[in-house]
Amino acid sequence: MNEPVLSMASGCACLPERRGFLSGLLAMGAGAVLPGCAASGDAAAAISNRIDIHHHLFSPAYVAELAKANQAPPIVRNWSLAKTLDDMNKAGVATAILSVTTPQVGFTDGENARRIARESNEWVARLGRDHPGRFGSFAMLPMHDMDSALREMEYALDVLKADGIGLLTSYGDKWLGHPSFAPLMDELNRRKAILYTHPTAANCCRNILTPEVPPTVIEFGTDTTRTITDIVFSGTAARCPDLRFIFSHAGGTLPFLTERLIKMPVLDPKLQPRVPRGVLHELKRFYYDTAWSAHPGALASLTRLVNVSQILLGSDYPYRTGEDNVKGLIDYGFSAADLQAIGRGNALRLLPRLAS
């Protein structure tokens with residue numbers, strides 16, 4: 001059965017279910033609902049100005065390259081612009097910040113990796129120009145060597161006007177606090193840039209459980225926590241106070257392990273110079289998205305660690321839908337003000353260009 005979608009002209013779907021419309025009003029405030037719709041069958045669709053910070057895409061050329069490496073599953077091959085816009089409209093998402101998920105260009109190296117990253121970043125930039133206001137981007141980098149990564153970062157931010165850089169949580173056996181990544185971190189800090197991270201399965205931990213349990217279930221959340229820990233205790237976070245970090249999936253297992261991280265400099269004083277402002281200071285200044293985390297277990301823990309001001313809406317489309325995420329946030333019981341902050345306001349602080 002086809003679900004109704006938002007009209008591109010009006011920004012809302014006119015459905016007969018009044019209860020959902022009232023939920024939407026309570027969730028975000030009547031001022032956020034566009035005129036012209038008497039009712040909406042879904043609280044998500046009643047709003048049309050959300051910003052999805054965690055939304056994936058696959059350009060045709062990139063899919064072809066993945067297919068050559070036998071790394072293009074059906075969900076990747078079946079991605080389309082029409083489907084992504086449909087998902088955004090159903091969830092009341094005005095703008096999706098697009099990024100390429102794992103493996104990015106990790107399946108190749110050298111000139112091939114540089115070419116694929118450049119082609120993909122340029123394709124996303126054209127998509128944004130062709131659909132004004134609907135898309136932003138976190139550019140991917142060929143991280144096989146730092147010179148290539150720095151050149152692509154400069155091109156993506158200065159020429160393509162990407163909104164930030166999107167890195168994986170680890171590359172081979174190195175997490176983002178590793179000294180080899182310091183030149184990139186320092187330059188991003190100098191630019192006061194946004195660094196969005198997406199988990200992957202590290203070399204250490206592939207195929208270590210029963211084959212039916214994919215790495216997305218355990219390893220993705222764990223690798224996010226590993227890279228946050230590495231960024232903090234390598235001194236990278238303290239050295240780069242102007243670099244704005246976004247971590248996926250509510251920080252993985254981080255909220256549950258915070259006490260252990262806080263205790264580390266107490267138990268091992270040589271770590272104290274690496275966290276001069278304290279571990280909690282760094283953890284609280286990071287941003288965390290809600291992809292695969294819009295449920296009471298994750299949200300209860302995350303909101304005890306950080307203020308709502310640090311939480312961003314993320315759908316993880318096409319692996320989940322925007323409607324799933326928005327419904328989870330509404331069902332959790334956030335106030336209208338908090339839903340507005342998570343759904344739009346916090347992202348606007350990071351990306352003020354989207355206000356227009």
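This is a predicted model: local features need pLDDT of at least 70, side-chain atom pairs count only at pLDDT 80 or more; totals for chains, interfaces and linings use all residues.
Local features were considered at pLDDT of at least 70 and side-chain atom pairs only at pLDDT 80 or more, whereas totals for chains, interfaces and linings use all residues. Residues are numbered from 1 along each chain as its sequence is written, and side-chain values rest on heavy atoms, with hydrogens and water left out.

Two cis peptide bonds are described here, and two residues other than glycine with a positive phi. Most residues other than glycine have a negative phi, and most peptide bonds are trans. The bond from Thr 102 to Pro 103 is cis, with omega near 15°, and Pro 103 is placed in the loop between strand S2 (93–99) and helix H5 (110–130); helices (H or I, at least four residues) and strands (E, at least two) are DSSP runs numbered from the N terminus. Gln 104, in the loop between S2 and H5, has a positive phi of about 50° although it is not a glycine. With 3% relative accessibility, Gln 104 counts as buried, where buried means under 20% relative accessible area, exposed over 50%, and partly exposed in between (1.4 Å probe, protein chains only).

Asn 70, found in the loop between helix H2 (60–68) and helix H3 (74–77), has a positive phi of about 60° and, at 71% relative accessibility, counts as exposed.

His 55 lies in strand S1 (residues 50–56) and is buried, with a relative accessible area of 0%. Its side chain makes a polar contact (a pair of N or O atoms within 3.5 Å, one able to donate a hydrogen and the other to accept it; residues adjacent in sequence count only if both atoms are side-chain atoms) with the side chain of Asp 52, at 2.9 Å.
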